[in-house]
Amino acid sequence: MIYLDNAATTALRPEVFDTMIEYMRENYANPSSIYQKAGCAKVAMDVAREKIAKAISADHSNEIFFTGSGSESINWAIKSVVNNTTHGKHIITTKVEHPVVLRTCEFLEKQGFDVTYLPVDEFGMVDAQQVEEAILEGTILVAVMMANNEIGTIMPIAEIGEVIAKVNETRERSERILFFTDAIQAVGHIPVDVNALNVDMLALSGHKFYAPKGVGALYVRRGVKLMPLIHGGGQERGRRGGTENVSGIVGMGYAIDLAMAEMEAEITRQTELRDYLITQILEKIPHSRLNGHPIKRLPGNANITFDFIEGEGMLLMLDFNDIAASSGSACTSGSLDPSHVLLAVGLTHEQAHGSLRLSLGKDTTKQELDKLIEVLPNIVERLRQMSPLWEDYQRNSVT
Ligand SMILES: *Cc1c(COP(=O)(O)O)cnc(C)c1O
């Protein structure tokens, strides 16, 4: 199979899997216990925590809290801030966030919070000035994703962080605006430095960088009050109950190490492959266009709209050719709603439906892309032959 859906999830690295097995089979002790075997698990978790901290340039490993997913990290970050705050009820986010952020914000709106959903430009970008202008006296939180999971656009997080820091200089310490970023598509793929970005909280998820599913982390800057989302035992320094997923955590630590070591070379390699793929598709298929920013985008992301067709049909025909990809429909399975991200960048419902996300990974080769480039024009052509939209267009362009 040609796997071009690495933004949805990545394959677990075999060497990471081997390490994890050891922590299920031999080092299975509960890290909270006091005998030697437990100490071993605890040390392994500490090492993983340090690796994650180092990968995002956190000042200290105790700013890293392990969670059960990226979704949990996001829920925790946002809900914890609003529970700790009395000086306001206003949240700023964007229209192109991952559904986890959007649904969490909508939930809070029902609890009486006000949320501003910033619009984006044609490339899916917000700028720092928009954030500055949206800040109110009662603003308590800004949540802007670092890199978009659908169209790959990389947001100007450092500039936004600077704007927020400037506003915070005029506020009491207890009334500071906190800045959260969903960096789940970024960590392990492009450089992430929590101090350079000026963020207070950052979410990451293992399965997006070749670690297992069901393990994530939340970075919380020292001094930021963090209320637990999951109450329980004293795990994660009393902030998150539940016996730790030791093997998953160890796996995530190892995977981030490997990703960091390969990052620079992979950025160069994948960017080259991505640009080759985009150029070839746009050249070979008429009425196609690139979504997202042409340059400020994830190295592995290509998102292309083909007018007059349905993405679902495209995915089925690609699958028939053993190629896995995603379309412009919401990723929630069964939903045929057009993607909120593509609508936010100005596409029509029809165009959003005719979009294809191809996300490259560390194992993607040029030969694989060439296979795709070979079959895709025929697939699009065949779907257009069946499309009433195409028929209308042909008729109108003749008359
Ligand atoms: C995958 C993803 C999530 C959800 O992470 P899970 O670990 O799958 O819960 C959230 N935000 C973005 C941008 C993602 O790509």
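Select Leu290 and Ile304: Leu290 stands opposite Ile304 in strand E10. Strands (E, at least two residues) and helices (H or I, at least four) are DSSP runs, numbered from the N terminus. Before going on, note that this is a predicted model, in which local features need pLDDT of at least 70 and side-chain atom pairs count only at pLDDT 80 or more, while totals for chains, interfaces and linings use all residues. Residues are numbered from 1 along each chain as its sequence is written, and side-chain values use heavy atoms, with hydrogens and water left out.

**Stop 1**

Select residues 301-306, which make up E10. Of its 6 residues, 6 are buried, where buried means under 20% relative accessible area, exposed over 50%, and partly exposed in between (1.4 Å probe, protein chains only). Now show the side chains. Asn301, Asn303 and Thr305 point one way, and Ala302, Ile304 and Phe306 point the other way. In a regular strand the side chains alternate between the two faces of the sheet.

Two strands pair if DSSP finds at least two bridges between them. Within E13, find Ser355, which stands opposite Thr305.

**Stop 2: the largest cavity**

Select His189, Tyr210, Gln270, Gly300 and Leu360. Among the 24 residues that line the largest cavity, these lie nearest its centre. On a 1 Å grid over the protein atoms alone, a cavity is a set of points where a 1.4 Å probe fits but cannot get out, and lining residues have an atom within 4 Å of a point. The volume, about 280 Å³, is the space filled by probe spheres set on the points, with grid points joined across faces, edges and corners.

Next select helix H9 (residues 246-284), which gives 6 residues, the largest share of the lining. Which domains give residues to this lining? Colour domain 1 (14-258) and domain 2 (263-398): both do, so the cavity lies between them. The domain bounds come from an automatic or database domain assignment.

**Stop 3: two cysteines**

Select Cys40 and Cys105. Cys40 is partly exposed, at 33% relative accessibility, whereas Cys105 is buried, at 0%. A search of the whole structure finds 0 disulfides, a disulfide being a pair of cysteine sulfur atoms within 2.5 Å.

Notes:
On a 1 Å grid over the protein atoms alone, a cavity is a set of points where a 1.4 Å probe fits but cannot get out, and a pocket is an open set with protein on both sides within 12 Å along at least five of seven lines; lining residues have an atom within 4 Å of a point.
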